[in-house]
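Visitor: I have a model on my screen and want to learn how to read it. Where should I start?
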Amino acid sequence: MRCRAEVRAAEHRQQLDIALLAYRDLWHPQPFREARPMWCEQWPALTAALLALSDAEAAHLNDDVPDTLRWLAGYLPEIAVLLPLIDIPVADQAAPPVPGERWAWEIPGRKRAQIEAFAGAVQPGGEGLIDWCGGKGHLGRLLGIAWQKPVHTLEIEAALCADGEQLARRVGLEHRFLERDALAITDWPRPGQHAVALHACGNLHRRLVEHGAGAGVSRFDVAPCCYYRGVEANYQPLSSAGQLQLTRDDTRLAVTETVTASPRQTRQRDRDIAWKLAFTTWRARVGDAPYKTFKPVPAPWLRGSFADFLARMAARENLPPPEAHHLAAIEAAGWQRQHDVMRLSIPRHACRRALELWLVLDLAEYLDTRGYEPRLRTFCDRQLTPRNLLLSAQRG
């Protein structure tokens, strides 16, 4: 059998298509919305085992996809087929020859490490660089210095363009900024350019791949992010559709990791979830209605007392506030639901990397059919950023 790195994008995506379809009933339902997804009846032993997990076990299985797939295989043996399909080779790293620290003014440490890892994983190709949706142009500036090439950065925010131009002048780099909308621009990128994009979200990275291939870009190096951005009801593939159809919520699932969160942020997240679930449980009880979505909750509402939070939510949805002596029971119900949701979401989270790969391979397959040679690797450890997939494609 050929190694994973040698499998063509279409073949790899078809294998994921089959595996994800087989377990769609496991990862598509949202335990936040459904107290007991239908799969709980289909696999009662798995459900019982999940609900019996300790907090530490649940946290680990929500975080470590390979370990979770191996754990799930004890109840659903066939799900182990996903393990080799999500095993992506690590890119060779070569430190760009950058003189001193001048290029890195004003860049936070984690962001700088991501940029340096990305830059170390890519090779020059093309007549010049275009840094797509590049903000202040940090990535373009680093690569421009390292490769001694002219750089263009496309960015819609005028203030970021101005700051980037100032940073480029400090290092004496030929670096032009294009204050343009990536979704509307038609004259960039240019034929023969090398297009790079580090965490351009949703439609922004899809636009680069689709429009850039048509424009004759020489090489792409793209690390996609936030696949749900720009998706309406359903994801529209760029390449052959296949059998798997993803909703917007499915594409959001691909980016639901919090490996970079601090313990304090994790505790706050858990309380936020518990309070929201407390409200939805109480609302269903007093309104006698099934789950329905609600508008985003303002962050300050979740920083005060539970009583204030519930009163604000009730007023916003034209419901009478609960009586004070019921508050403790309502909050306790929310924490119980949070306990169950964190455990019943584990099978769903076990499939998020496979979904992300399916989405990136959609881009790779599109480029493959348009004369490019795509290659998929990881450019850094997921602890630095979970969005560590790097799609490179050279025109053949």
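Guide: Start with the labels. Helices are DSSP runs of H or I with at least four residues, strands are runs of E with at least two, and both are numbered from the N terminus. One caution: this is a predicted model.

Visitor: Then try the labels on a residue. Where does Arg36 lie?
Guide: Arg36 is in the loop that runs between α2 (24-27) and α3 (39-42).

Visitor: Is Arg36 buried, partly exposed or exposed?
Guide: Buried means under 20% relative accessible area, and exposed means over 50%. Arg36 has 42%, so it counts as partly exposed.

Visitor: Which residues does Arg36 touch, apart from its neighbours within four places in sequence?
Guide: Its contacts are Leu51, Asp340 and Leu344. With Asp340 there is a polar contact, side chain to side chain, at 3.4 Å. Now set sequence against space. Arg36 and Leu344 are 308 residues apart along the chain, yet their C-alpha atoms are separated by 8.2 Å.

Visitor: On to helices. Which residues of α6 are buried?
Guide: Val65, Thr68, Leu69 and Leu72 are the buried residues of α6. They span an arc of only 100° around the axis, so they sit on the same side of α6.

Visitor: What covers the buried residues of α6?
Guide: The cover includes α4 (44-51), α5, α7 (82-85), α16 and α17.

Visitor: And what happens at the start of α6?
Guide: Look at Asp64. A side-chain oxygen of Asp64 comes to within 3.0 Å of the backbone nitrogen of Asp67.

Visitor: Now pockets. What is the volume of the largest pocket?
Guide: A pocket is an open space, while a cavity is one that the probe cannot get out of. The largest pocket has a volume of about 1700 Å³. Its lining counts 49 residues, and those nearest its centre are Phe32, Thr256, Arg269, Ile273 and His349. Two or more lining residues come from each of α5 (55-63), α12 (248-253), α13 (263-287), α15 (327-344) and α16 (346-350).

Visitor: Which element gives the most to the lining of the largest pocket?
Guide: That is α13, with eight residues. By type, the lining of the largest pocket holds 21 nonpolar, twelve polar and 16 charged residues.

Visitor: What is the volume of the second largest pocket?
Guide: About 420 Å³. It is lined by 22 residues, and Pro66, Ile86, Arg353, Arg382 and Asn388 are the closest to its centre. The elements that supply two or more lining residues here are α6 (65-72) and α17 (352-368). α17 gives the most, with three. The lining of the second largest pocket splits into ten nonpolar, two polar and ten charged residues.

Visitor: Take a strand next. Where is His175 found?
Guide: His175 is in strand β3, residues 175-179. At a relative accessible area of 8%, His175 is buried. Its side chain makes a polar contact of 2.8 Å with the side chain of Thr153. Beyond four places in sequence, the contacts of His175 are Gly137, Gly140, Arg141, Val151, Thr153 and Ala168.

Visitor: What about backbone angles? Which residue other than glycine has phi near 55°?
Guide: Gln148 does, and that value is positive. Gln148 belongs to the loop between α9 (138-147) and β2 (151-155). With 66% relative accessibility, Gln148 is exposed. His199 is another case: its phi is about 65°, and it is not a glycine. His199 lies in strand β4. His199 is buried, at 16% relative accessible area.

Visitor: Last one. Where is the cis peptide bond?
Guide: It joins Trp188 and Pro189, with omega about -5°. Find Pro189 in the loop between β3 and β4 (194-201).

Conventions. Residues numbered from 1 in each chain as written. Predicted model: local features only at pLDDT ≥ 70, side-chain atom pairs only at ≥ 80, totals over all residues. Heavy atoms only, no water. 1 Å grid on protein atoms, 1.4 Å probe; cavity = no way out; pocket = protein on both sides within 12 Å on 5 of 7 lines; lining within 4 Å. Points joined across faces, edges and corners; volume = space filled by probe spheres on them. Nonpolar A, V, L, I, M, F, W, Y, C, P; charged D, E, K, R; others polar. Buried < 20%, exposed > 50% of the residue type's maximum accessible area, 1.4 Å probe, protein only. Arc of directions from axis to C-beta. Contact = heavy atoms within 4.5 Å. Polar contact = N/O pair within 3.5 Å; in protein donor to acceptor, adjacent residues only side chain to side chain.
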